[in-house]
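Let us walk through this structure, beginning with a single residue and ending with the chain as a whole. Keep the sequence and the 3D view side by side.

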Amino acid sequence: MRRWLVNRMAQATITLAIALALIFILMRLAPGDPLGQVSEDRPLSATQLQALRERYGFDRPIGAQFVSFLEGLARGDLGISIQ
């Protein structure tokens with residue numbers, strides 16, 4: 001019984017890790033720039049757009065963004081809404 005439970009927990013952990021990675025990757029592969037919607041409403045200068053990228057963490061490498069995503073999930077923090 002214990003072996004079965006450990007096996008099921010391992011499978012659940014792997015499934016959760018794959019699901020989280022897929023969600024993160026698919027959101028990054030979606031067409032368009034996430035900040036493009038903000039700039040459609042009102043024109044932003046290059047400086048303002050760069051400041052927004054830094055604020056939301058889009059200027060960091062993809063690996064660092066993923067780690068930040070996982071840390072936020074562990075704390076229950078789903079981030080700041082772009083909208």
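Start at R53, which is found in helix α3, residues 46–56. Helices here are DSSP runs of H or I with at least four residues, strands are runs of E with at least two, and numbering goes from the N terminus. This is a predicted model: local features need pLDDT of at least 70, side-chain atom pairs count only at pLDDT 80 or more, and totals for chains, interfaces and linings use all residues. Residues are numbered from 1 along each chain as its sequence is written, and side-chain values use heavy atoms, with hydrogens and water left out.

The cut-offs are under 20% relative accessible area for buried, over 50% for exposed, and partly exposed in between, with a 1.4 Å probe and protein chains only.

Now look at what surrounds R53. Leaving aside residues up to four places away in sequence, R53 touches D33, L35, F58 and D59. Contact means heavy atoms within 4.5 Å. Take L35: R53 and L35 are 18 residues apart in sequence, yet 7.7 Å apart in space, C-alpha to C-alpha.

Next, charge. Side chains of opposite charge can pair when their charged atoms come close. A salt bridge requires a side-chain nitrogen of Lys or Arg within 4 Å of a carboxyl oxygen of Asp or Glu. The count by this rule is one salt bridge. R75 forms a salt bridge with D77, and the closest N and O atoms are 3.7 Å apart. R75 counts as exposed at 60% relative accessibility. D77 counts as partly exposed at 39%.

Turn to helix α1, residues 2–29, where I14 lies. I14 has a relative accessible area of 52%, so I14 is exposed. I14 also belongs to a nonpolar surface patch of about 610 Å², made together with I18, L22, I25, L26 and L29. Patches take residues with over 30% relative accessible area and no salt bridge; like charges are joined within 9 Å, nonpolar side chains (Val, Leu, Ile, Met, Phe, Trp, Tyr) within 5 Å.

Finally, zoom out. The chain has four helices and zero strands. From the N terminus on, its elements run α-α-α-α. Of its 83 residues, 10% count as buried. Among contacts between residues at least 6 apart in sequence, 60% join residues at least 24 apart. The chain exposes about 6900 Å², with carbon and sulfur atoms supplying 62% of it. Accessible areas come from the Shrake-Rupley method with a 1.4 Å probe; for residues, only the protein chains shown count as cover.
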